[in-house]
Amino acid sequence: MTTRDDILGRVRARLNRTDANAATGRIAIDTLLVARPQGPRPQVDPEKSALVARLIEKSLAQSSTVDRVATLAEAPAAVAKYLRDNSLPLQAVIWPQMGQLDWLAAGVAVAARGAVDADLVGITGCFCAIAETGTLMLCGAPDAPASVSLLPETHIAIVPASRIVPGMEDGFALARAELGQLPRAINFISGPSRTGDIEQTIVLGAHGPYRVHLILLEGQ
Amino acid sequence: MESRSRQFKANTLAALSNPGLQQNMRQAKGKFVDKRAKSIRELDDFDGTRTAAAAIRNRVLDNLDLWLEKFEASASARGATVLWAKDADEICRHVVDIARRHEVKKTVKSKSMLSEEAGLNLALEAAGIQPVETDLGEYILQINNNEAPSHIIAPVVHKSLDEVADLFEKVHGTPRKTEITALTREAREVLRSHFLTADMGISGGNFLVAETGSVALVTNEGNGRMVTTLPRVHVVITGIEKVIPTLEDLSTLMRLLPRSATGQSISNYVSVLTGTQAAGDLDGPEHLYYILVDNGRADLIGSEFQDMLRCIRCGACMNHCPVYQTIGGHAYGWVYPGPMGAVLTPLYTGLENALDLPHAATLCNQCGVVCPVKIPLPELLRKLREKQVERGLRPQGERRAFKFWARLAASPTLYALAAWFGVRYLKQLAGGRKTITSFSLVPEWMLGRDFPAPEGKTFRELYAERGEKK
C-alpha cells in the first residue's frame with residue numbers, strides 16, 4: 001500500500017466514507033468552488049477618489065512612500081526625481097512591459113530584464129492595488145518578472161488609479177477575469193521587507209527592499 | 001525532532017531560574033498583546049470573521065479526503081508533483097531523494113515547523129546537502145548549534161540583542177555590532193549569497209488552495225519569496241490539514257492571520273504560488289514538489305480533537321498564555337509551545353510522552369478567546385487530562401488520592417466529618433495568620449501559591465448556625 005492510500009484510507013475510515021456520500025461530497029465541493037462565498041469584509045468605499053485616498057493612507061502606514069502624477073508619460077520624470085531626492089543611482093532594472101516609456105529623456109538608465117544581485121533599483125508596474133490594506137498585487141509574467149520587486153534595495157511601483165480595488169477578493173476576481181488561469185507567482189506586497197525577530201523590534205530591509213515607493217497615476 | 005516534553009518540570013524550573021530568559025519574556029509579551037488588540041479593531045466584524053474562518057477550516061476537515069484529492073488534481077494539472085509522507089522519516093527521505101535527483105548541493109529554507117517536526121536539517125546534512133535557514137530567527141538558531149525555536153512565529157523571542165551580537169561576532173568573525181539594524185544587515189548580506197547560489201528552496205505552506213492547486217506563503221522578511229523565486233527546485237512541506245477551498249477563503253483568513261500573529265493588518269509579503277516556471281518566465285522553479293504530511297494528523301479526523309486541526313499557526317494562544325509568558329517555549333520540549341503545543345504535542349508524540357503539558361495551563365481561556373479559528377483550547381486540554389486518567393497514565397499517588405476523594409465526596413457523613421477536621425487542622429496550621437504558605441502534603445503545589453486559612457468552621461456549621469438565628 002502506498003503512503004497516499006494509507007493516509008487517505010485512514011481519513012476515509014474516520015469520516016465513514018462511502019461511494020454514495022463521496023459522490024454527494026464531490027458535488028458539494030464543485031458547487032462551492034463555483035459559488036465561492038466570501039467572509040465578512042471591512043467597509044471600503046469603492047468610489048475612485050476614496051480608493052486612492054485609502055491606498056495612500058494605508059501605504060504610508062506600511063512605511064511605503066507615495067507620489068502622485070497624472071499620466072503614465074509623467075512616470076519616468078517622477079522616478080528620476082525620487083532617485084535624485086534620495087541620492088540613489090539613476091539606474092534601474094525594469095519590467096520589460098514598462099520599458100517602452102521615455103526613460104532616456106528623464107535621465108534614468110533602465111535595463112529591461114529579470115533582476116540580478118547588483119541591481120540597486122527595481123521598477124515595476126502592478127496588476128492592481130488593494131485599498132483595504134495598502135497592498136500591491138503583482139502577477140508574474142515573462143514581461144513582469146518577480147525578481148525586480150525583490151532583489152533591489154529600492155522598489156518603485158507604478159500604480160494606475162483605475163487599477164485600485166477595495167479588497168483582496170476583488171484582486172483575485174480581476175485575475176480570474178483577465179488572466180484565466182493564475183500566473184505562477186502572485187505577490188502581494190505591503191511596504192518594505194521587514195523583520196521583528198530580534199527583541200520584537202521592527203527593522204526595515206530584511207531580505208527584500210528597504211524602500212517601496214508608489215507612483216500613483218491619477219488620470220489612468 | 002526528539003521530544004523533551006517528559007522533562008517538562010525540570011525544563012520549567014530551569015526557565016524560571018534563568019533571569020535573562022525571564023527578562024526577555026517580560027519584554028516580548030506586552031508587544032504582541034498590544035499590537036494584536038490594536039489591529040483587530042480595524043475589522044468591522046472581527047468575531048464574525050473568526051466564525052467564518054472556523055467554518056472554512058471545518059468545511060475542509062469534515063471532507064478532508066475529498067479536498068485533498070481536489071488539491072492534488074489541481075496542483076498536478078499545473079505541473080507540481082504531489083508526494084505523501086506518513087512520518088518524520090518519510091519527509092526526510094522524500095526531501096533527500098528530490099535533492100539527489102536534481103543534484104542539489106545547497107538548499108535555502110523558509111521557516112517550516114514541519115521541517116522541525118521532521119528534524120530535516122540533520123537528515124540533509126547527513127546526506128551531504130547543506131541546509132541554510134533564511135528566516136532571521138531560524139538562521140540565528142541554526143548557527144547556534146541548531147538550537148530549537150521557542151515560538152512558532154518569533155523563533156528567538158527568548159534571546160536578547162546581546163546574545164545575538166555575541167553569536168554573530170563569533171560565527172561570522174566580524175566586529176561586534178550592537179544595533180539591531182546592523183545585525184539584520186549583516187545577516188542579509190550573508191544570506192543573500194546563499195539565496196543566489198542554492199539549487200533548491202524548501203518552504204512550509206500557510207495554506208494550500210484546492211481550487212487552484214496553489215500554496216500561499218506569508219512572510220515579512222521576503223525570504224519566502226527568495227526561496228521560491230531563485231532556486232530551480234522548490235519543495236513545499238505542509239500538513240494535510242492545510243487545505244482551504246478558494247482564494248476568497250484565503251482572503252478571509254488573511255484578515256486574521258497577520259493580525260493574530262504580529263498585530264499587522266497584513267504581512268509584507270503574501271505569495272500565491274501555482275505550478276512551475278512557464279514558457280518565457282525569467283524566474284521561478286523548474287520543478288515543484290508538495291510533500292503532504294500526516295505525522296499524527298489523519299488520526300485526529302473525526303475524533304474529539306478534530307477542532308485542533310483548524311489551527312493556522314498564528315501563535316496568539318501562546319502570546320496570551322500566562323504559562324507560556326512565564327516559562328517560554330523551550331520548556332514544552334517539542335516543536336509547538338504554548339496552549340496549541342500542549343494539545344498537539346501529546347497527540348502527535350504520544351500521551352505518555354507529554355503527561356505534564358495538558359496540566360501546564362490555568363484553563364483561564366485567554367487562548368480560546370484570542371484564537372482566530374475559535375479552537376476551544378481549554379476544553380481540549382481538559383479532554384487530554386481525561387484521556388490520561390482513562391488510560392491509567394496518572395501517577396499512582398494521584399490516582400489513589402482521587403479514589404480516596406471520590407469515596408469521601410460520595411458520602412455526606414464522611415465528607416462532613418473530613419471537612420470538620422480539615423478546617424480545624426488548617427486553622428491550627430496557619431497559626432493565626434491569614435494565609436498558609438507551606439503544606440507538606442502538596443509541597444510542589446504550594447511553591448507558587450498561598451492558601452487562605454479557614455477561620456475554624458465548615459460551611460455546614462455556619463449554615464446551621466444561621467438557621468438557628470432565624
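**Entry 1: strands across the two chains.** I began with strand E9 of chain A. Five bridges join E9(A) to strand E9 (residues 269-273) of chain B. The two strands run antiparallel. I looked for a facing pair and found A:Asn187 opposite B:Ser271 in E9(B). I note here that the model is predicted.

**Entry 2: extent of the contact.** Next I asked how many residues each chain brings to the contact. Chain A gives 74 residues and chain B gives 104 residues. I then looked up the area. The two chains bury about 7600 Å² between them. Carbon and sulfur atoms carry 55% of that area. On the chain A side, I checked which residues lose the most area to chain B. They are A:Arg184, A:Ile198 and A:His207, together 13% of what that side buries.

**Entry 3: charged and polar pairs.** I looked up 16 salt bridges between chain A and chain B. One of them links the side chains of A:Arg176 and B:Glu211, at 2.8 Å from N to O. I also noted 50 residue pairs in polar contact between the chains, with both residues at pLDDT 80 or more.

**Entry 4: what chain A presents.** Which elements of chain A each supply at least two residues to the side that touches chain B? I listed helix H1 (3-14), helix H2 (19-35), helix H6 (168-179), strand E9 (185-189) and strand E10 (194-195). H1(A) gives the most, with nine residues. Last, I sorted the residues on this side of chain A by type. They divide into 32 nonpolar, 22 polar and 20 charged.

Terms used:
Residues numbered from 1 in each chain as written. Chains lettered and ligands numbered in written order. Predicted model: local features only at pLDDT ≥ 70, side-chain atom pairs only at ≥ 80, totals over all residues. Heavy atoms only, no water. Contact = heavy atoms within 4.5 Å. Buried area = accessible area lost by both parts, 1.4 Å probe. Salt bridge = Lys/Arg side-chain N within 4 Å of Asp/Glu carboxyl O. Polar contact = N/O pair within 3.5 Å; in protein donor to acceptor, adjacent residues only side chain to side chain. Helix = DSSP H or I, 4+ residues; strand = E, 2+ residues; numbered from the N terminus. Nonpolar A, V, L, I, M, F, W, Y, C, P; charged D, E, K, R; others polar. Pairing = 2+ DSSP bridges.
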